[in-house]
Amino acid sequence: MEKKWWHGKVAYQIYPKSFLDSNNDGIGDLGGIIQKLDYLHDLGIEILWLSPIYPSPFYDQGYDIKDYYDIDPTFGTMQDFDLLLEKAKKLNIKIVMDLVLNHCSIEHIWFKKACLDVNLKEASYFYIREGKNGQPPNNQRACFGGSVWDKLPNHDNLYYAHFFTKEQPDLNWFNADLRAEMYKIVNFWLDKGVSGFRIDAIMCIAKDPNFPMYESDSEDGTCSHLRMNKENIKVAYDFIRDLRDNTFKKHKDSIAIAEAFGVLDEDLSIFIGDDGLFDCIFDFSAREAVASYHSFYGYKMLSVKEYKDAIFSMQKRSNNTGFVCPLFENHDEPRGVSTYLPKAWQNDIGAKALALITLFLRGMPFLFQGSEIGMQNTKFESIDEFDDILSKNEYKNSLEHGLTKELALDILNVHARDHGRTPMLWDDSEYAAFSTHKPWMKVSSFKDKINVKAQLEDKNSILNFYKTLIALKKDERFNSCLTYGDFVEIESRSDDTIAYKREGSYIDIYVIANLGLSDISYTFDFNFDIIISNDLSLVLKDKNTLYIKRGGALAFVHKK
Ligand code: NOJ
């Protein structure tokens, strides 16, 4: 495999609205990110992905872009952004932007022009179709619920397609002029000095421009838009290849990380690897196992074994192909500690175990702001405390399906995207030192127990555990094995054990976590040295035997 600058590094996602507010308007901004660069550097972070900071009306929190060439004033100015790039560079931190290619905003000038006159060139940048007998052109369901079609303003029987909210009109990738516009955007930012992009919802550009009717997969007669995307995925490959050749390939050291759901085994080598469409893709296998139904109320909580099987299957699939990005949370997901750990381990012990399991997997792990202190789901008391459009739709949907208000709220308290969007907990003051002004989102009451200030002062904190883990990944004794070593599953001692090794040329590194309620032990026929454990009192080594108490997790090295 060709060596790349990002191999072996740990990345960190910032959700700018909720990271740190430097001008005290209750909303996070670029000034806040700049202030915390040293903190991130000390943590060992070398790549920062910023969720969208472009001008937007924020119907979908910035994933509805109205100008791809500027910074939204809420976050600051282009000068602030340049300063961020400059300061990050001094600390050897690379900046990765978000790239939303499937759709823009209803406030984008292209869409405004399309609404004015469908004969204008910009109208062909969208999917505009005639309705059928007073109904939308077909029966596809949008990602956040409802039809993918809405009436084109100023027109009687014309509809435009949007696979997400109605404020996010989909862009027509079959149009060569549109494609050229998108390449220009990518090159603008790469020329400016960003190191690459996280590419949003890329599978959605795979469309059938005929928009046929689909066999329904829901009681309301609709069919998820995903079906069209899956059936037309080959079309997207051509578009992405062309995008890559006209942008990323020309900027030799850039990185393209895709948000790609549902990649089939046989297609993985098309996505990643030396000749992949992308450098890497996020591993959403655990998320996909949870979100196995089209509404939150049908989602499934995973057992430890199911979680393990999901992440291990992707590790095995990608071993000989390329790199994925292991992660357990992001701005679209509830907190990993609250989602993937059994109740008994939704604490410091479990958070450290999850960190170890994730960071030593093969690939480029992504932390999401707050992962490093073990942030958990916030308790929302009423539907009014939620901000996300998806949460509001899901709540409505639950009520329409006969669930009580209490149950509908409980479901959001488990699955809502808002959990990843509450302000970062910097200390235990009223607004957690995120801002001096009332923040745009509820501050988690966990701030009293879980916050950066307290954890910086405690040498046994989750935060300091992450620092040690990242330092171990960079340690020259282990770096090559943890970067390039194959992933191999190790036999479990129970359904609640997660155990694997990374096979290097000279050493193997083993990771074992006991997330059950009983103690376990392993005896090996070789000597080994423990390099880290989540709690010294939970792990005991006697010659070649390991005793791992309930909750214990460790990594050890075997010199070959
Ligand atoms: C994926 C993004 O991560 C999510 O936040 C957004 O709502 C959709 N794509 C639409 O852009």
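A search of the whole structure, a predicted model, finds 44 aromatic pairs. One of them joins tyrosine 54 and tyrosine 68: the ring centres are 6.3 Å apart and the planes meet at 50°, so the pair counts as tilted. Helix H5, residues 176-192, is the other topic here.

**The tyrosine pair and its cluster**
- Tyrosine 54 and tyrosine 68 both lie in the loop between strand E2 (47-50) and helix H3 (78-90), so their pairing ties together parts 14 residues apart in sequence.
- Tyrosine 54 is buried, at 1% relative accessibility.
- Tyrosine 68 is buried too, with a relative accessible area of 2%.
- One aromatic cluster contains Tyr54, Tyr68, Tyr69, Phe81, Phe188 and Trp189.

**Charges over rings**
- Lysine 36 lies over the face of tryptophan 426, 4.1 Å from the ring centre.
- Arginine 493 places its charged end over the ring of tyrosine 522, 4.0 Å from the centre.

**Helix H5**
- H5 has 17 residues, which should span 24 Å at 1.5 Å a residue; the end C-alpha atoms are 24 Å apart, so the two values agree.
- At the start of H5, a side-chain oxygen of asparagine 175 comes within 2.8 Å of the backbone nitrogen of aspartate 177.
- Buried residues of H5 include Leu178, Met182, Ile185, Val186, Trp189 and Leu190. Arg179, Glu181 and Asn187 are also among them.
- These buried residues pack against H3, strand E3 (94-100), helix H4 (109-116), strand E8 (196-200) and helix H7 (233-246).
- Glycine 193 follows H5 and has a positive phi, near 120°.

Terms used
Residues numbered from 1 in each chain as written. Predicted model: local features only at pLDDT ≥ 70, side-chain atom pairs only at ≥ 80, totals over all residues. Heavy atoms only, no water. Phe/Tyr/Trp six-rings, centres within 6.5 Å; stacked < 30°, edge-to-face > 60°. Helix = DSSP H or I, 4+ residues; strand = E, 2+ residues; numbered from the N terminus. Buried < 20%, exposed > 50% of the residue type's maximum accessible area, 1.4 Å probe, protein only. Lys NZ or Arg CZ within 6 Å of the ring centre and 35° of its normal. Expected span 1.5 Å × (residues − 1). Contact = heavy atoms within 4.5 Å. Polar contact = N/O pair within 3.5 Å; in protein donor to acceptor, adjacent residues only side chain to side chain.
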